[in-house]
Amino acid sequence: MVLVLLVMALALAASNANQKGSDSLTANGVLQGKLEEFIYSLPPSTDSFWTQTSFASPYQQDSQVLSGTQYFRAIYLSDSPAAAGGTKVLTARVSWQGGTQGRMGQGSQTTSVTRLIYAR
Amino acid sequence: MPYKKRNPRAFALSLVLFFSLITAMYVSAAVSLAPSSLARTSTDYAQLAADQAAGSGIDWARGRLSQDPNWCAVADQTFTGTDLFVREKEGQVTGWIRQNQSWSRFRLRFNYQDGPQVAVAGSDNMDDPAAPWSDMPYVSSNNLTGGSARTAPVARGSSGQSQSSSPWPVKQLDVPPYSLLLSVEGSSGSGVVESGGNPTNFSGAFHRRTVQTMMKFGNNQPISEAAIMSAGDLDVQLFGAAKLMLSAASSASVARLRSKDRLTFNTGVQSNNGDLRYGVTPTPAIVTAGTVSTGSDGATDGFFRIPANKVRTPSGGISLDAGVYVVTSGGQVLHYPMDYAAYATATPAPTGTPVALPSGMALIGPNASPTPKYQVRVTSDITINPAGGAKDFALLPDGGADQSAPYAGAPSSSPSPTATPVTESQLASYLFSGVGSAPTLNAAGFAAWQTWASGQGSAQSPGVWGAGWTDYTISSSPTVVVRLPDSYPNALPNGQYPWISGPPGQQVAQMANTLASDPAAFAALAAAFPVPGPGGSPSPSPSPSASATPPLKPKDLELQLQGGSRGLTMSATGSIVLGSQIDGNGAALVSKEDIALIGTSTELSSRPGTQLGLNLYAQKTITIDTFKLDSAGSSEFRGISLAGIVYAWQGVNIYAGNSTASGPFTLKGSIVSYGGDPASAPLAGSAKTNIRASSADIQYDPALATNLLQSGPFLLQTVSWHQF
């Protein structure tokens with residue numbers, strides 16, 4: 001019986017691991033989508049956005065539910081070196097809870113990517 | 001057969017074993033799948049980071065180019081910020097961006113690694129870097145301000161070598177004029193070697209993404225772009241068989257002409273408050289009523305704005321006193337400390353002072369044909385400083401520069417009566433035959449004639465024409481008499497004075513001989529009369545003195561503007577008047593008054609078949625007039641082929657033809673007659689645009705829109721994109 005219970009526990013753990021991997025892949029997609037969406041909507045180079053040196057933190061945030069998991073999306077901005085021509089440093093971050101709300105799971109999961117942006 | 005009772009415990013055991021087996025298989029499968037799932041997640045993220053790193057490199061270049069369109073990362077500079085480290089040096093750029101616990105990297109290179117700096121086709125024109133790259137053969141090539149295509153090679157030899165002692169033989173592509181090829185590699189990996197806290201290289205495997213994109217400058221202002229924007233009438237009169245050809249440089253732009261007043265073409269198109277379009281096409285179209293659509297220009301739709309505080313200004317360079325500079329056939333530069341209008345109307349002709357040109361300017365010549373006989377070469381930005389009451393800068397040959405119509409800066413009504421004829425015989429011939437209508441002789445000119453005639457010989461008063469007139473005998477063999485009124489003014493019934501009388505067939509030659517014997521007197525007399533050609537109302541500018549050698553014409557003189565990687569800037573608080581050919585190289589002429597390119601005598605560009613790269617900005621008007629008087633006195637016009645922006649607050653005139661003679665007009669770029677100060681909205685009806693030519697070929701190219709701007713931010717538009 002102990003063996004059986006052990007095997008079942010292993011099965012649950014493996015299932016959770018697969019779920020985590022699947023959620024991470026989805027999160028990467030969400031991350032990329034958020035990045036593309038934000039970059040596409042950037043203002044023209046004459047906009048005061050490009051002369052700002054400080055930004056609200058986070059600059060933007062929202063959430064998206066996919067396959068029953070809620071992904072929180074956030075954009076963080078900071079100024080790059082002054083001589084760098086007005087480029088900004090953008091960090092896109094996606095976080096989600098790796099388990100059912102109120103129950104034990106993998107805890108809070110996060111993925112993020114940082115890049116430079118400029119008007120297009 | 002007796003019934004055998006089943007054992008329930010055995011059944012339960014079988015069931016447990018069965019489910020255990022199923023569970024074990026599931027666990028086994030899950031355990032075996034888990035690593036690949038983790039690997040896939042990791043790879044997916046690494047590729048995402050590499051993609052974004054490449055995007056970072058593109059945007060880094062955008063930002064740098066927005067400040068300096070000629071940026072090639074030559075200077076050694078390091079940029080550090082939060083989670084950011086970028087190094088530029090010797091045409092190489094390496095940038096690192098922190099990603100959680102690791103780094104991503106972007107790289108791009110303008111250095112072809114093709115040997116020492118040498119300006120030959122297909123080369124990067126820079127020395128090889130101290131640390132050549134061997135794993136990235138795709139180079140970037142900045143041709144944003146280049147007027148011709150530039151070759152970008154694959155920087156890798158057939159045997160895999162990454163350096164060459166001469167330009168690479170394999171061409172990647174030709175970068176079109178005014179374009180930029182960016183080749184950026186983005187990488188992401190977990191292991192990074194650091195030195196002094198900064199990343200230097202990947203220690204293990206890393207993911208890579210290469211992006212190649214072609215870009216051009218674009219207009220970043222929220223307006224309806226057009227090849228011509230005119231707040232006042234846009235009037236196009238074409239005299240040849242060919243018609244107006246209108247096109248856009250790319251399918252992203254509409255071939256369009258805009259006017260906030262009347263738009264008129266003698267090809268049969270007219271529109272009040274006109275807005276003319278030929279749809280979305282890069283294919284040239286002949287503008288006729290059937291090929292274009294017209295409409296009303298949007299009342300709130302602005303024009304391309306370049307206010308005075310945004311236009312290019314000289315950066316150091318040459319400081320030159322204002323005035324008229326005349327290059328003589330003897331190889332001298334004479335300076336007249338006066339504005340061009342005063343010079344053109346002065347009687348007697350003013351006396352110039354020989355000057356030595358400052359460092360950065362040089363007079364080169366005499367040159368052998370076909371090179372213009374003299375070239376004034378300028379190699380850095382130039383500022384014209386007001387001096388001695390003058391604000392203008394004018395460069396003229398000593399034979400003067402013809403113009404077909406009055407223009408701003410010179411007398412605006414009738415042709416100047418103070419112009420100098422080309423030769424003594426021309427003046428004598430004119431005085432004898434007249435022009436059919438009375439030329440206006442001003443008081444100073446009259447006094448010069450009377451003084452000269454009085455000193456030539458006997459005088460009879462009253463003369464043949466009665467009281468108030470005197471006959472001056474200037475030659476006794478044969479007898480040639482000049483008749484002048486005794487006071488000024490005094491109208492003649494036949495509308496001409498002075499009058500030359502003498503034996504038919506001899507009086508003109510004798511008068512010419514007399515004039516030739518006294519050059520100083522000839523110059524003073526000639527300044528009182530123009531010698532018009534039959535083609536209209538030409539106004540040649542005066543020459544400073546008669547000369548033993550034939551005086552220079554605009555075709556004999558070239559202004560070479562060669563400084564600066566972006567082309568140099570010439571700025572004047574007064575007008576800029578050039579009676580010469582021009583070698584522009586993307587230069588900008590900026591005036592707080594008028595700009596006039598007159599009497600160019602031949603193609604405006606001294607390089608036949610090539611477009612003149614020149615940008616013009618005037619706070620009043622711009623006139624380009626290619627009128628020429630030939631030696632027989634006949635008028636003709638030469639063509640205009642220009643690549644650049646022609647921007648005036650109060651109007652633009654392109655004179656390349658009239659009803660009797662005309663040349664073609666070709667423009668790549670745009671014309672803006674803004675209508676007031678561009679700091680405010682254009683004032684409808686206040687700045688006209690006139691084009692007179694045999695034909696017009698106008699190609700709108702927003703890539704040139706930035707040519708007059710002092711600094712960014714500029715907009716770079718993506719023309720094509722390729723990644724692998």
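User: Hey, how many helices and strands does chain B have?
Analyst: Chain B has six helices and 48 strands. Keep in mind that this is a predicted model.

User: Noted. And what percentage of chain B is buried residues?
Analyst: Of the 724 residues in chain B, 52% are buried.

User: What about its contacts, what share of them join residues at least 24 apart?
Analyst: If you take the contacts in chain B between residues at least 6 apart in sequence, 70% join residues at least 24 apart.

User: OK, switching to the two chains together. How many residues are in contact between chain B and chain A?
Analyst: On the chain B side there are 43 residues, and they are in contact with 38 residues of chain A.

User: Which elements of chain B give two or more residues to that side?
Analyst: Those would be helix H1 (8–67), strand E1 (77–81) and strand E3 (92–99) of chain B. The largest share comes from H1(B), with 29 residues.

User: Let's do sheets. What's the strand order in the open sheet of four strands in chain B?
Analyst: The order is E25-E26-E33-E36 in chain B, and the pairing is mixed.

User: Which strands are at the edges?
Analyst: Strand E25 (361–364) and strand E36 (581–583) of chain B, each of which pairs on one side only. On average, neighbouring strands of this sheet are turned by 20 degrees against each other, ignoring direction.

User: Do E25(B) and E26(B) run parallel or antiparallel?
Analyst: They run antiparallel, and four bridges join E25(B) to strand E26 (residues 374–378) of chain B. To pick out one pair, Ala362(B) has Arg377(B) in E26(B) as its bridge partner.

User: Now chain A. What order do the strands take in its open sheet of four?
Analyst: In chain A the order is E1-E2-E3-E4, with antiparallel pairing. The edge strands here are strand E1 (60–66) and strand E4 (108–117) of chain A, each pairing on one side only.

User: What does the twist average from one strand to the next?
Analyst: The average is 20 degrees from one strand to the next.

User: Last one: how many bridges are there between E1(A) and E2(A)?
Analyst: Seven bridges, with E1(A) and strand E2 (residues 69–79) of chain A pairing in the antiparallel sense. If you want a spot to look at, Ser63(A) stands opposite Phe72(A) in E2(A).

Notes: Residues numbered from 1 in each chain as written. Chains lettered and ligands numbered in written order. Predicted model: local features only at pLDDT ≥ 70, side-chain atom pairs only at ≥ 80, totals over all residues. Contact = placed C-beta atoms within 7 Å. Pairing = 2+ DSSP bridges. Axes fitted to C-alpha atoms, helices over the stretch in contact; angles between N-to-C directions. Buried ≥ 20, exposed ≤ 12 C-beta atoms within 10 Å, placed from the backbone.
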